[in-house]
Amino acid sequence: MIADKRSLTRLFPIALVALPPLLGLGYALSASLGLSGVANGGLTLQYLREVIASHTTWAAVGWTLWIATASTVFATLAAVLLAATFRAESTADRIGRMVAVLPLPIPHVVAALASLLILGQSGLLSRFANTAGMFSTPAQMPPLVYDRLGIGLIFALVWKEIPFLALIAFTVLKSRGGLLEESARSLGANRLQTFLYATWPVLWRGMLPGVVAVATFVAGSYETAALLAPSRPLALPLLTMERYTDGAMELRPDAFVLAGFSLLVSLAAVAIYGAMIARAENFK
Amino acid sequence: MWTALPISVLVFSSFGEGWFYPRLLPTHWSTAAWGELVGDRRLLRSLVISVWLALLTGGAASILGFEIGRRVSRIAVPLRYFALTAAFIPVAAPPLALGIGLQYFVLRAGLGGTLTGVWLAHSVVAIGYTTVYFIGVFAVFDRRVEEEARSLGASPLVTLARVTLPLHRRQLAEAFLLGFLVSWAQVPLTLLIGQGAVESLATSVMSYAHAGQDHLASVAGLLLTLPALVLMGLVGSSIRRLAVATV
């Protein structure tokens, strides 16, 4: 009992860490319900209803989900490919692993800027296409930034997320992959079967928390979207910022609804992460 | 090539002159854009602000993360999982949504548009990262060393100062870098809490890019990139533990 009390007391410092975001969430939720902020006219579900009924909201949610899914899937596949390719202890493989994780500390805003300079209509790709005789003016280059499919944004996010996921994949394969693969091979599995039934399940289990973290981060990433996303449909972080900074103050509660929604989604991701950690510990 | 191309483009853009469509390479090279670092006070000021913010955030995050992680690691399972999950909240919360929620409190405290306000906002996120990091560090720390010191008559404070802290010098340095990087790359919190009055290097990249000033945006982008790469080189094998900061 005393130990339990001590444990509970020791939880206090963690409040220092979790309280500010929870206070922020609380304020966003109360402002979205008309209880605080510029539209504090008393409890109302009006703003919530308006945001939920708005086509713009769902277009933003759908587009953001598309970007998060596509970026995470491409980055995961590339990370798995890198981990499967550069897994030996040879110098070449070590260099391969090192180069693969090089963009890790580079800020997202820099990745977005580079993407703009490469994929813009007068960017490097367009110049290569011109040199190859594919077209003669920048206008002929299909739009790859500010485009509806978000190709430039996906490119920047994939470039930025591959190193993080590759690093996890390298670690997982190094610590847990070898023995299972050897067993599979000794049981007569060919290379493809070994990958499908031994390597992939181990990789996937080990990478899953990282994949959840990447998808959550990408969905809420503001700076990459601000430099590369189109204005129609707006990405969810851009829509939130637009509503928050709009001169028309009556739009402010909408921003609180959207911010509260984003924070709740991230809390759900945290809960999933917590469950995964607990499961992994039990598994050990 | 996949890794190097984006950085090469920034180098071309910052050092190249006469790099007009459809040229693949600039016609000649120049340091004129880099000279703006001295000439354009705005860029220099944002560099100084970024360094200052990152140093302060790294300092606060490493010290507080150490102490909170140390205390949390003494909590019994399953409450420790709860604490770990709680520490993960500021890490997972989208900075934009976090900034919108926090802005009210920062404004009430009279810290809107100030360096202190932005530093506190950056620290909220960075302390989350370093706490998660130190919970991991202390999970594998052999406490018998501390118990030995206590049994020899050392007070808790002396044990902390003479035993625990010296044993974690490297981890404290890594946590400092972690906090530094979190602040260094932060955009939405700086925009919302800084309210335009506090411009960091990361927000400068955005404003130069939006204004079509590619040369200056590239200079600011490379200035953001180089320290991050140097730090990665310094921490070397520890990069796995720091990776989470750069998701």
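Me: Which residues in α6(A) and α11(B) meet each other?
Reply: On the α6(A) side they are V109(A), V110(A), L113(A) and L116(A). They meet A202(B), V205(B), M206(B) and A209(B) in α11(B). Please keep in mind that this is a predicted model.

Me: Got it. How many of those are nonpolar, polar or charged?
Reply: The contact of α6(A) with α11(B) has 8 nonpolar residues, with no polar and no charged ones.

Me: And how do the axes of those two helices cross?
Reply: Helix α6 (residues 108–119) of chain A and helix α11 (residues 201–210) of chain B have axes that come within 9 Å and cross at roughly 20 degrees. Angles under 35 degrees count as roughly parallel, so α6(A) and α11(B) are roughly parallel to each other. Their crossing is left-handed.

Me: Which residues touch the most other members of the largest nonpolar core?
Reply: L113(A) turns up again, together with A166(A), A169(A) and V205(B). That core has 161 residues, and its largest share, 16 residues, comes from helix α8 (residues 151–186) of chain A.

Me: Let's zoom out. How many residues of each chain are in contact with the other chain?
Reply: 65 residues of chain B are in contact with 72 residues of chain A. On the chain B side, helix α4 (residues 79–92) gives the most, with 11 residues. By class, that side of chain B has 51 nonpolar, 9 polar and 5 charged residues.

Me: Back to helix pairs: what about α11(A) and α5(B)?
Reply: The axes of helix α11 (residues 236–245) of chain A and helix α5 (residues 95–108) of chain B come within 10 Å and cross at roughly 25 degrees. Therefore α11(A) and α5(B) are roughly parallel to each other. The contact is made by P237(A), T240(A), M241(A) and Y244(A) on one helix and L96(B), A97(B) and I100(B) on the other.

Me: Last one: how many helices and strands are in chain B?
Reply: Chain B has 13 helices and 2 strands. Buried residues make up 52% of its 247 residues, and its C-alpha trace spans about 75 × 45 × 30 Å along its principal axes.

Definitions and conventions
Residues are numbered from 1 along each chain as its sequence is written. Chains are lettered from A and ligands numbered from 1 in the order in which they are written. This is a predicted model: local features need pLDDT of at least 70, side-chain atom pairs count only at pLDDT 80 or more; totals for chains, interfaces and linings use all residues. A nonpolar core is a set of buried Ala, Val, Leu, Ile, Met, Phe, Trp, Tyr and Cys residues joined through C-beta atoms within 7 Å. A residue is buried if 20 or more other C-beta atoms lie within 10 Å of its own, exposed if 12 or fewer, and partly exposed in between; C-beta atoms are placed from the backbone. Helices (H or I, at least four residues) and strands (E, at least two) are DSSP runs, numbered from the N terminus. Two residues are in contact if their C-beta atoms, placed from the backbone, lie within 7 Å. Ala, Val, Leu, Ile, Met, Phe, Trp, Tyr, Cys and Pro count as nonpolar, Asp, Glu, Lys and Arg as charged, and the others, Gly among them, as polar. Axes are lines fitted to C-alpha atoms, for helices over the stretch in contact, and angles run from 0 to 180 degrees between N-to-C directions. Angles under 35 degrees count as roughly parallel, over 145 as roughly antiparallel, 65 to 115 as roughly perpendicular and the rest as oblique. A crossing is left-handed if the near helix is turned anticlockwise from the far one by less than a right angle, and right-handed if clockwise.
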